[in-house]
Amino acid sequence: MANRIHPSILNSNLASLDAEIDRIPSSDGIHIDVMDNHFVPNLTIGLPVVECLRKNHPDAFLDMHLMIEDADTWAPGYAEAGCESVTFHVEAARAPVKLARDLRAAGARASMALRPATDIAPYEDLLPELDMILIMTVEPGFGGQSFLDIMLPKIRRTRALAKKAGLDLWIQVDGGVSEKTIDRCVDAGADVFVAGSAVFRADDPDSVVSALRDQADLRSGHA
Ligand code: DX5
Ligand code: ZN
């Protein structure tokens, strides 16, 4: 699969989201971080705002990252709102298989996220139910943190499990991804890259999106 760059809007101007999304037209997806101040110690936006973004950006691939408790209750609404990908945290889901099926039934790609201390091994049998695994490479909650190299073995193990099962599973990395760390993620088997501060701290965010994708393609041999 081709490499995808999904900028996270968390560190953009959240009061001007429409304009911020328009600044990154080269993106393969818009990564939207929903936080409820319970699962993580931060609070962002929820479904009413996402429904408006859906209307205002009908062609965007909306990649929802739900850092919220009670994912079973809240996640399907994002799929029903027309988001292309909905990621729940396995630590916040009571019935991840049912939830993944509900998301797919509502037309979204079903995705499951793992905090840094959560291993993939217990979830090997669930992988056929999922379209993407999000591997957090920082503790979730805030942008601008340093990439955790100790997560690289988990990315490798996840890619190996997907290969073993013959699955075309997207593996997303989120946290501290930049031109300095993306090569390591590619080498480990990731193919969907979330970059927040690396993109939005730049004067020309779209050029960073293109540069990151070129770098990933070169590294993975897609160039
Ligand atoms: C953090 C969020 C990330 C965040 C990444 O919990 O899930 O998506 O915006 O930001 P950077 O790329 O700055 O680490
Ligand atoms: Zn995120």
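Me: Is Asp70 buried, partly exposed or exposed?
Reply: Aspartate 70 is partly exposed, at a relative accessible area of 26%. The structure is a predicted model, and the values here are computed from it.

Me: Where does Asp70 sit?
Reply: Aspartate 70 belongs to the loop between β3 and α3.

Me: Is Asn37 buried or partly exposed?
Reply: Partly exposed, with a relative accessible area of 46%.

Me: OK, on to the metal. Which protein atoms are donors to the zinc ion?
Reply: The donors to the zinc ion (ligand 2) are NE2 of His31, OD of Asp33, ND1 of His65 and OD of Asp174. They lie 2.1 to 2.2 Å from the ion.

Me: What's the geometry?
Reply: Octahedral, because the 6 donor atoms around the zinc ion (ligand 2) subtend angles of 72 to 174 degrees. The cut-offs for six donors are that opposite ones are over 155 degrees apart and all others between 65 and 115.

Me: How are the donors spaced along the chain?
Reply: The spacing for the zinc ion (ligand 2) reads H-x1-D-x31-H-x108-D. Aspartate 33 is in strand β2 (residues 30-35) and aspartate 174 is in strand β7 (residues 170-174), so this pair ties together parts that are 141 residues apart in sequence.

Me: Are those two aspartates buried or exposed?
Reply: Aspartate 33 is buried, with a relative accessible area of 5%. Aspartate 174 is buried too, with 8%. The cut-off for buried is under 20%.

Me: How far is Asp33 from Leu10 in space?
Reply: Their C-alpha atoms are 6.3 Å apart, while the two residues are 23 apart in sequence.

Me: Which elements supply the lining?
Reply: At least two residues each come from β2, β3 (62-67), β8 (192-195) and α7 (197-200).

Me: How does that lining divide by class?
Reply: The lining of the largest pocket has 11 nonpolar, 12 polar and 3 charged residues. Gly counts as polar in that scheme.

Me: And the second largest pocket, how much space is in there?
Reply: About 150 Å³. Its lining consists of Ile21, Asp22, Ile24, Pro25, Ser27, Asp28, Gly29, Ile30, His57, Asp59, Ala60 and Phe61. By class, the second largest pocket is lined by 6 nonpolar, 3 polar and 3 charged residues.

Me: Zooming out, how many helices and strands does the protein have?
Reply: There are 8 helices and 8 strands. The radius of gyration is 16 Å, close to the 17 Å that the globule rule gives for 223 residues, so the protein is as compact as a globular protein of that length.

Me: What box do the C-alpha atoms fill?
Reply: Roughly 45 × 40 × 30 Å along the principal axes.

Me: What share of the residues is buried?
Reply: Of the 223 residues in the protein, 56% are buried.

Me: Two residues left on my list. Where is Gly77?
Reply: Glycine 77 is in helix α3, residues 71-80. With 15% relative accessibility, glycine 77 counts as buried. From glycine 77 to leucine 47 the C-alpha distance is 7.4 Å, and the two are 30 residues apart in sequence.

Me: Last one: which helix holds Ala160?
Reply: Helix α5, residues 152-164. Alanine 160 counts as partly exposed, at 45% relative accessibility. Alanine 160 and alanine 2 are 158 residues apart along the chain, and 18 Å separates their C-alpha atoms.

Terms used:
Residues numbered from 1 in each chain as written. Chains lettered and ligands numbered in written order. Predicted model: local features only at pLDDT ≥ 70, side-chain atom pairs only at ≥ 80, totals over all residues. Heavy atoms only, no water. Donors = N, O, S within 2.8 Å, 3.2 Å for Na, K, Ca; no water. Tetrahedral: all angles 85-135°; square planar, octahedral: opposite > 155°, others 65-115°. Helix = DSSP H or I, 4+ residues; strand = E, 2+ residues; numbered from the N terminus. Buried < 20%, exposed > 50% of the residue type's maximum accessible area, 1.4 Å probe, protein only. 1 Å grid on protein atoms, 1.4 Å probe; cavity = no way out; pocket = protein on both sides within 12 Å on 5 of 7 lines; lining within 4 Å. Points joined across faces, edges and corners; volume = space filled by probe spheres on them. Rg over C-alpha atoms; globule rule 2.2 N^0.38 Å.
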